[in-house]
Amino acid sequence: MTNATLKNLALGVVIMTVGLLLPRSVQAQPFDSASTPMFENITLNPKFSPNPLLIRGLSGGPALAQDTAGREDTQTGTCMGYVDQQPDHTLILTSFFDYLKLQVQSSEDTVLVIRGPGGSWCSDDSKDMNPSIEGQWLSGKYEIWVGSYKPNTYHPYIIQITDKQ
């Protein structure tokens with residue numbers, strides 16, 4: 001069974017629990033898997049809207065996070081856990097951001113790996129069990145992975161992206 005098939009099976013099992021992770025303003029609406037996009041790729045300009053922006057997916061995969069990041073430790077944290085071989089999301093920043101924050105929200109313990117202009121960054125447990133990476137970001141293409149602590153273990157998540165401190 002391929003990793004994509006495993007993720008699709010896991011998606012079917014957890015699709016109902018994603019609704020529990022949605023912010024209250026969205027939670028009042030019924031969850032519809034056909035209209036709730038997952039594994040989105042986005043392009044951001046300064047002063048983007050909505051702010052914060054929310055993107056969704058399932059964590060995990062077979063590859064070691066440190067192999068994906070190309071190192072064991074980064075300035076933002078240790079590269080722990082397992083991620084997919086391909087990024088979960090691609091983020092394109094059209095210009096320099098003096099401040100940008102990506103924070104994962106999940107009911108399970110997750111890790112975050114980002115590769116882009118200037119290197120790679122990892123995060124684990126920035127706020128409770130949820131990783132985040134924040135600071136100045138160069139313009140360009142960023143690949144984003146959300147991982148789990150055990151290989152091929154999948155958990156629903158939301159990434160909240162904001163430029164507000």
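**Reading a predicted model by its definitions**

Biologist: Why is Asn152 called partly exposed?

Modeller: Asn152 has a relative accessible area of 35%. Buried means under 20% relative accessible area, exposed means over 50%, and partly exposed lies in between (1.4 Å probe, protein chains only). The value of 35% falls in between, so Asn152 is partly exposed.

Modeller: A word on the source. This is a predicted model, with residues numbered from 1 along each chain as its sequence is written. Local features need pLDDT of at least 70, side-chain atom pairs count only at pLDDT 80 or more, totals for chains, interfaces and linings use all residues, and side-chain values use heavy atoms, with hydrogens and water left out.

Biologist: Why does Lys47 count as exposed?

Modeller: Its relative accessible area is 77%. That is over the 50% mark, so Lys47 is exposed. Lys47 lies in the loop between β1 and β2.

Biologist: How do you know what to call a strand?

Modeller: Strands (E, at least two residues) and helices (H or I, at least four) are DSSP runs, numbered from the N terminus. β2 (53–58) and β11 (132–137) are examples.

Biologist: What makes β2 and β13 a pair?

Modeller: Two strands pair if DSSP finds at least two bridges between them. β2 and strand β13 (residues 156–162) have six bridges, in the antiparallel sense. Six meets the rule, so they pair. Arg56 stands opposite Ile158 in β13, and Ile55 has Ile159 as its bridge partner. Strand β8 (residues 97–105) also pairs with β13, antiparallel, over five bridges.

Biologist: Which strands make up the open sheet, and in what order?

Modeller: Four strands, in the order β2-β13-β8-β11, with antiparallel pairing. β2 and β11 are the edge strands, as each pairs on one side only.

Biologist: Why is β13 described as largely enclosed?

Modeller: Six of its seven residues are buried, so the rest of the structure largely encloses β13. Thr162 belongs to β13. At 9% relative accessibility, under the 20% limit, Thr162 counts as buried.

Biologist: What makes Thr162 and Asn51 a polar contact?

Modeller: A polar contact is a pair of N or O atoms within 3.5 Å; within protein, one must be able to donate a hydrogen and the other to accept it, and residues adjacent in sequence count only if both atoms are side-chain atoms. The side chains of Thr162 and Asn51 make such a contact at 2.8 Å.

Biologist: How do you know that Leu58 is buried?

Modeller: Its relative accessibility is 0%, so Leu58 counts as buried. Leu58 is in strand β2. Leu58 and Tyr157 are 99 residues apart in sequence, yet 5.9 Å apart in space, C-alpha to C-alpha.

Biologist: What makes Cys79 and Cys122 a disulfide?

Modeller: A disulfide is a pair of cysteine sulfur atoms within 2.5 Å. These sulfur atoms are 2.0 Å apart, so the pair qualifies. The structure holds one disulfide. The pair links distant parts of the chain, 43 residues apart: Cys79 is in the loop between β5 (77–78) and β6 (82–83), Cys122 in strand β10.

Biologist: Why is this disulfide called right-handed?

Modeller: The torsion about the S-S bond of Cys79 and Cys122 is about 90°, so the disulfide is right-handed. Both cysteines are buried.

Biologist: Why is the pair Trp121 and Tyr142 called tilted?

Modeller: Rings of Phe, Tyr and Trp (its six-membered ring) pair if their centres lie within 6.5 Å; planes under 30 degrees apart count as stacked, over 60 as edge-to-face and the rest as tilted. By this rule there are three aromatic pairs. For Trp121 and Tyr142, the centres are 6.4 Å apart and the planes are at 40°, so this pair is tilted. Trp121 is in strand β10 (residues 119–124) and Tyr142 in strand β12 (residues 140–148), 21 residues apart. Both are buried. With Trp137, they form one aromatic cluster.
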